[in-house]
Amino acid sequence: MPKVSQEYMDARRTQILDAARRCFLRDGFHSTSMQDLFAESGLSAGAVYRHFASKDEMILAIAEENMREVVTLVHTVATTRPRSSLGAVIADLLDLVSARSAEHDVARLAVLAWSEALRNPTLAGQFSTLLTQMRSDLAEVVREHQESGALPEEVTAESIAGALVCFLPGYILQTAMLDPTLVEGVGDAVRALWPDPATR
């Protein structure tokens, strides 16, 4: 039997997750059956189970993929551009969510995943881990601004980072449920609220 390449395996995994996204967005997590996923992906049950043992594993994979991109962006800023304005950092995150939502409806999937996390401890734990990492990286950016005098020091960097993280769910919820034009200017507003200290 010929050996299957990693590239082939990755392509099949992507095919399955793309099909799962379409099913979940159309019918929700609980109304989507494994049979629905086999049909949507165009793959056999064996091919799907080779990558994912259950529907829950697909939900976890999609949620982690969506969150990981956001967390990676924050980490990149914290480690390579620590003096970026906080407004620019948050606006970059919102722009990423907007772009990914236009391509793959990430905002709607996120809202579905949040609901699922209320009954799925594994998914809830995954969200907690990723959000903790995001807060930690943002806190590093905040400390840089506190040390330069651009932000007050009487509030901890962790508390300020926690407040900033709160922007993301609100933006995602509005992107998922409202007319996209209603949130178009939010990124620019955030940049204006927290500009680069050098431009003030």
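I take buried to mean under 20% relative accessible area, exposed over 50%, and partly exposed in between, with a 1.4 Å probe and protein chains only. By that scale R191, at 29% relative accessibility, is partly exposed.

**Entry 1. Ground rules**

I note that this is a predicted model, in which local features need pLDDT of at least 70, side-chain atom pairs count only at pLDDT 80 or more, and totals for chains, interfaces and linings use all residues. Residues are numbered from 1 along each chain as its sequence is written, and side-chain values use heavy atoms, with hydrogens and water left out.

**Entry 2. Overall layout**

I looked up the secondary structure, where helices (H or I, at least four residues) and strands (E, at least two) are DSSP runs numbered from the N terminus. The protein has 10 helices and zero strands. I recorded a box of roughly 65 × 40 × 30 Å for the C-alpha atoms, along the principal axes. Of the 200 residues, 41% are buried. Accessible areas come from the Shrake-Rupley method with a 1.4 Å probe, and for residues only the protein chains shown count as cover. The accessible surface is about 10,700 Å², with 55% of it belonging to carbon and sulfur atoms. Contact here means heavy atoms within 4.5 Å. Among contacts between residues at least 6 apart in sequence, 69% join residues at least 24 apart.

I placed R21 in helix α1 (residues 6-27). Is R21 buried or exposed? R21 is buried, at 6% relative accessibility. I then looked for polar contacts, meaning pairs of N or O atoms within 3.5 Å; within protein, one must be able to donate a hydrogen and the other to accept it, and residues adjacent in sequence count only if both atoms are side-chain atoms. The side chains of R21 and D18 make such a contact at 3.0 Å. Beyond its neighbours within four places in sequence, R21 is in contact with I62, E65 and L109.

H51 sits in the loop between α3 (45-49) and α4 (55-80). H51 is buried, with a relative accessible area of 19%. Its contacts, leaving aside neighbours within four places in sequence, are M9, R12, R13, I16 and E57.

I found S101 in helix α5, buried at a relative accessible area of 12%. S101 touches V106, A107 and T175, not counting residues up to four places away in sequence. A polar atom of the S101 side chain lies 3.1 Å from the backbone nitrogen of A107. S101 and A176 are 75 residues apart in sequence, yet 8.3 Å apart in space, C-alpha to C-alpha.

D105 lies in the loop between α5 (86-104) and α6 (106-117). I noted its positive phi of about 55°, although D105 is not a glycine. Most residues other than glycine have a negative phi.

In helix α8 (residues 157-165), I listed the buried residues as A157, I160, A161, G162, L164 and V165. Their cover includes α5, α7 (121-148) and α9.

**Entry 3. Salt bridges**

I searched for salt bridges, each a side-chain nitrogen of Lys or Arg within 4 Å of a carboxyl oxygen of Asp or Glu. How many salt bridges does the whole structure hold? The search finds 15 salt bridges.

D105 pairs with R108, the closest N and O atoms being 2.9 Å apart. D105 is partly exposed at 25%, and R108 is partly exposed at 35%.

R68 pairs with E64, again with closest N and O atoms 2.9 Å apart. The two residues are four apart in helix α4, so about one helical turn separates them. R68 is partly exposed at 38%, as is E64 at 30%.

R191 and D188 meet at 3.6 Å, N to O. These residues are three apart in helix α10 (residues 186-193), so about one helical turn separates them. Elsewhere, salt bridges that share partners join R22, R26, D27 and E40 into one network.

**Entry 4. Surface patch and cysteines**

I looked for patches, made of residues with over 30% relative accessible area and no salt bridge; like charges are joined within 9 Å, and nonpolar side chains (Val, Leu, Ile, Met, Phe, Trp, Tyr) within 5 Å. L173, M177, L178 and L182 form a nonpolar surface patch of about 410 Å². M177 belongs to helix α9 (residues 167-177) and is exposed at 62%.

I found zero disulfides in the whole structure, a disulfide being a pair of cysteine sulfur atoms within 2.5 Å. C23 is buried at 0%, whereas C166 is exposed at 57%.
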